[in-house]
Amino acid sequence: MKHLSTILLLAILFACHSTPPMPEYSYRDELQSSTIHLQLEDFDASVDPLGITLFWYPWHTQDQKSINLTADRSGRFTFETTANVVTNYSLILGSKIYDLVLPPGEDLTIRLVRKDDGTFVFKSPENPLTEQIGEMISIVAPLDWEAINEKLGGSTDPDTILAVNQQIATQRLARLDSLRKANTYDNPLVYVYGEEFIKNKVRYDFNVQALQKGMSSGQEELSRLLIPTAGTVVAEKPVYNYEEINDLSYQAMALTHECYLQTKSMKGQARKDRYYELYRKAIDSVYSGFGRDVLYARFYDRQIMVEPTATGLIEDLENFLRQTPYPALRVPLREKLSVLKGEKSAHNQYIQQIEELSNEEDNPIPAILEKHKGKVVLIDFWGTWCSPCVSELKNYYPAFAKKYDADQVALVFLAVKSPENIWRKQISELTFSAEHHQLNEAQRATLSNLFGISGFPHHTLFDQSGKLVMAKVGGPGNGLEAQVDKLLD
């Protein structure tokens, strides 16, 4: 591609740039636990957000991970995580996004102090690194999409898009250098993180803009824009910035598009097997080491819960777990495989947290389970605005409902943020019988936290005794039938 020269110039720019000593963290290190405590100052449940979303992009088995948290009565949120490198966490509170950066094994306590405009600032005297990096990013790389789009001038040319991003990166580096020369921060990690952020943001923004511009040009042009350009080495780094995993994911998307084209006319097991074969060849032809293991872990994580798996996939996964040197990839996959094999029980967040909720909490689940005692209960969280949800209701659930006796399996649909008139119209048009409710905001926040809901539709399965079997299970046509059949045997 002709914009390769621009990328190479950018690589030289960063290679020549001086870097402070790197902290000694490695993706080969064992995972260390951390706890994040967030406290809204002067919390008022009538006006302040009851729920927040914390999401991060670890070099992990998934390209994105998130958890929804609910405040306790004092406005406190608590979250536990594991890592072995400095990791970026993004916090969505109300309509704003805030960034947290945390070294492995360190606990983080943050006070969210309200400003006059209703937004919050972080105060963390015991963890100055978090405050300093947040401040540094706001100075070095303020988000200004209007200015970026103005510079692009509507151009769809890859060279122009990348050149604009390079110009922005150069400006950001200059700002970072000014902070370094002024000795604004005495922790070298602040500058290391800043350089990683700027470098990875170039490709990340280029990918986002390529997706936006390339969608109208068709998938072939989109693949050309996103195809890997930086060689086969994805380095292990002690400081992690979430844009980098997105870049790798976009590259894999382009690289494996050909796998999809060659298998889209096939069906069933033959399609799964052929796609898996082509995926392995595509990844092995471009990536090695760390990058290769990340993409394999990502693939395995998505595939092992979809029954039946590709032929030989479980055996390959077990071999992968023996060989990969990266605990961040190995540990969560091994946990999931052990649950799948019945060697251990899945972590039951619902059982842990339901006991902590007072009777005053707005939680409809106990009443639903009591009503359908003795039945397998499927609870489907959906929204009238969610096209995949509506498609499932119209195209997949009729056959699913017909397969099972209503005295054995209860279908309960909980709608989220759905206007009353539209909700009633949509459920009146369904061709199968089920129980329907709307959730208010307090219920949504509580249940999102209990079941780890990060997207819709979200399916949750209980057995005949009211015990949670799976907090997240595939929908009809995507593994749900197999799970229900197990409970009815």
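In which sense do β12 and strand β13 pair, and over how many bridges? I found β12 and β13 (residues 468-473) paired in the antiparallel sense over 3 bridges, where strands pair if DSSP finds at least two bridges between them, and strands (E, at least two residues) and helices (H or I, at least four) are DSSP runs numbered from the N terminus. I noted that this is a predicted model, in which local features need pLDDT of at least 70, side-chain atom pairs count only at pLDDT 80 or more, and totals for chains, interfaces and linings use all residues. Residues are numbered from 1 along each chain as its sequence is written, and side-chain values use heavy atoms, with hydrogens and water left out.

Within this pairing, Phe462 has Leu468 in β13 as its bridge partner, and in the hairpin, with 5 residues between the strands, Gly466 takes a positive phi near 85 degrees. I then looked up strand β9 (residues 376-382), which pairs with β12 in the antiparallel sense over 5 bridges, with His458 of β12 as the bridge partner of Phe381.

For burial (buried is under 20% relative accessible area, exposed over 50%, partly exposed in between, with a 1.4 Å probe and protein chains only), I recorded His458, Thr460 and Phe462 on one side of β12 and His459 and Leu461 on the other as all buried.

A search of the whole structure gave me 19 aromatic pairs, counting rings of Phe, Tyr and Trp (its six-membered ring) with centres within 6.5 Å, and calling planes under 30 degrees apart stacked, over 60 edge-to-face and the rest tilted.
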